[in-house]
Amino acid sequence: VTRLIHDLGHDVTALDFSEAMLAVAKRKHAGKDRLRFLLADAERTMEPDAIYDAIVCRHLVWTLTRPEEALREWFRILKPRGRILIYDGDWATPKPLGSLVARLIALIDFCVGADRNYDGALSDRHGRIMQALPFGHGLQAAELIPLLEKVGFGAIDVHSHEPIARAQRKGANLRNRLRTFVYRRFILTCSKP
């Protein structure tokens, strides 16, 4: 996402509270100008008021330990008419055929060997983490909308994830193509008045 936004000509601040993740991002984007890396918590950025035109978060909101506090923080750091794009999903409840697809992925992993470096959404570790989170039961756009409205956001729209899933399947191996069918995902946009 950082690369896409940057390559469209925008100045980008990439924020993470993991030094290891920031180190990976810095290596990926070495030598690029208009790119700033910030070690901070998305729930408490410590950035000045009304500094950003937009906030883009991918697979982040479900991880928030204090979602309303984070949304208030994002409202604070956005300029008037600033926009948020949230790309997230319900990582707890598979789609109707998602459980079957997940079993097929497990069979592929058994036959060809699982990626030892991947401990993602289909893992037991992921499930234990989710149990401790407010959205551990699964995040849906309908649950997020009232929180966004409560902190002051408007012009809230929910968009289909399907065009992105189709694009992700192009050129992906079978396992990664199948992963796009397991969980419900959504894209939500809103703006600060």
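**Questions on the model**

Reader: Where does Gly-98 lie?

Author: This is a predicted model, in which residues are numbered from 1 along each chain as its sequence is written, and side-chain values use heavy atoms, with hydrogens and water left out. Local features need pLDDT of at least 70 and side-chain atom pairs count only at pLDDT 80 or more, while totals for chains, interfaces and linings use all residues. Helices (H or I, at least four residues) and strands (E, at least two) are DSSP runs numbered from the N terminus. On that basis, Gly-98 lies in helix H4.

Reader: Is Gly-98 buried or exposed?

Author: Buried means under 20% relative accessible area, exposed means over 50%, and partly exposed is the range in between, with a 1.4 Å probe and protein chains only. The relative accessible area of Gly-98 is 0%, so this residue counts as buried.

Reader: Leaving aside neighbours within four places in sequence, which residues is Gly-98 in contact with?

Author: Gly-98 and Arg-184 are 86 residues apart in sequence, yet their C-alpha atoms are 8.9 Å apart in space. For contact, the rule is heavy atoms within 4.5 Å. Under that rule, and with neighbours within four places in sequence left aside, the residues in contact with Gly-98 are Phe-181 and Val-182.

Reader: How far apart are the end C-alpha atoms of helix H4?

Author: The expected span of a helix is 1.5 Å times one less than its number of residues. Helix H4 runs over residues 98-112 and has 15 residues, so at 1.5 Å a residue it should span 21 Å; this agrees with the distance between its end C-alpha atoms, which is 21 Å.

Reader: Within what arc do the buried residues of H4 fall?

Author: The buried residues in H4 are Gly-98, Val-101, Ile-105, Ile-108 and Asp-109. The arc is taken from the directions from the helix axis to the C-beta atoms. Seen down the axis of H4, these buried residues line one face of the helix, because they fall within an arc of 100 degrees.

Reader: Which exposed residues does H4 carry on the face turned away from its buried side?

Author: What covers the buried residues of H4 includes strand S4 (78-94) and helix H8 (174-179). The face turned away from that buried side carries the exposed residues Leu-100, Arg-103, Phe-110 and Cys-111.

Reader: How many residues apart in sequence are the parts that Lys-32 and Asp-7 tie together?

Author: A salt bridge is a side-chain nitrogen of Lys or Arg within 4 Å of a carboxyl oxygen of Asp or Glu, and by this rule the count comes to 14. One of them joins the side chains of Lys-32 and Asp-7, at 4.0 Å from N to O. Since Lys-32 lies in the loop between helix H2 (19-28) and strand S2 (35-39), and Asp-7 in helix H1, the pair ties together parts whose separation in sequence is 25 residues.

Reader: In which helix do Arg-72 and Glu-68 both lie?

Author: The side chains of Arg-72 and Glu-68 meet in a salt bridge of 2.6 Å, N to O. Arg-72 is partly exposed at 41% relative accessible area, and Glu-68 is partly exposed at 21%. These two residues are four residues apart, about one turn of the helix, and both lie in helix H3 (residues 67-77).

Reader: What is the phi of Arg-81?

Author: Most residues other than glycine have a negative phi. Arg-81 lies in strand S4 and, at 67% relative accessibility, counts as exposed. Although Arg-81 is not a glycine, its phi is positive, at about 70 degrees.

Reader: What is the phi of His-59?

Author: His-59 lies in the loop between S3 and H3 and is partly exposed, with a relative accessible area of 23%. His-59 is a residue other than glycine with a positive phi, near 55 degrees.
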